[in-house]
Amino acid sequence: MDPLSTTFAALADPTRRAIVARLAQGETHVGELMKPFHISGPAISRHLRVLEDAGLIEREVQAQWRVCRLRGPALQVARDWLDQYRVFWEQSLDRLVNLLEAPA
């Protein structure tokens, strides 16, 4: 699978998106990431593995903690792909505004 598809596949799951959103606030340990979810430790580990394999996060052992943090490059690839459609929507909205503001 290509990197962009891998990124979007990893982000397709709401739990993984919530983990990414939490990590956007700063790195934290796995125990902290588990708190808002009512799922097992092994299930969180599987989600983290998918995110790590997609290049969205990295994990590091610091003493007794397993610390997770976001990695930017995979997110940047997704953002770059989405940006091409941002231009489309902005132009479409500009046309709509012009249509609505045109004299009747």
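Visitor: Is Tyr85 buried, partly exposed or exposed?

Guide: This is a predicted model, in which local features need pLDDT of at least 70 and side-chain atom pairs count only at pLDDT 80 or more, while totals for chains, interfaces and linings use all residues. Residues are numbered from 1 along each chain as its sequence is written, and side-chain values use heavy atoms, with hydrogens and water left out. Buried means under 20% relative accessible area, exposed over 50% and partly exposed in between, with a 1.4 Å probe and protein chains only; because its relative accessibility is 38%, Tyr85 is partly exposed.

Visitor: Which element gives the largest share of the nonpolar patch?

Guide: Patches join residues with over 30% relative accessible area and no salt bridge, within 9 Å for like charges and within 5 Å for nonpolar side chains (Val, Leu, Ile, Met, Phe, Trp, Tyr). The surface patch here consists of Phe8, Trp81, Leu82, Tyr85, Phe88 and Trp89, with about 620 Å² of accessible area together, by the Shrake-Rupley method with a 1.4 Å probe, only the protein chains shown counting as cover for residues. Five residues, the largest share, come from helix 5.

Visitor: Which residues touch the most other members of the largest nonpolar core?

Guide: A nonpolar core is a set of buried Ala, Val, Leu, Ile, Met, Phe, Trp, Tyr and Cys residues joined through side-chain atoms within 4.5 Å. The largest one has 16 residues, and helix 1 (3–11), helix 2 (14–23), helix 3 (30–34) and helix 4 (41–53) each give two or more residues to this core. The members with the most contacts to other members are Ile19, Leu48, Leu51 and Leu56.

Visitor: Which residues does Thr15 touch, not counting residues up to four places away in sequence?

Guide: Thr15 belongs to helix 2, and its relative accessible area of 17% means that Thr15 is buried. Contact means heavy atoms within 4.5 Å. Leaving out residues up to four places away in sequence, Thr15 touches Phe37, Ile39 and His47.

Visitor: How far apart are the closest N and O atoms of Arg86 and Glu90?

Guide: Arg86 and Glu90 are four residues apart in helix 5, so about one helical turn separates them. Arg86 is partly exposed at 41%, and Glu90 is partly exposed at 39%. In their salt bridge, the closest N and O atoms are apart by 3.0 Å.

Visitor: What is the phi of Ala63?

Guide: Ala63 sits in the loop between strand 2 (57–62) and strand 3 (65–70), and its relative accessibility of 69% makes Ala63 exposed. Most residues other than glycine have a negative phi. Ala63 is a residue other than glycine with a positive phi, near 55 degrees.

Note on methods
A salt bridge is a side-chain nitrogen of Lys or Arg within 4 Å of a carboxyl oxygen of Asp or Glu.
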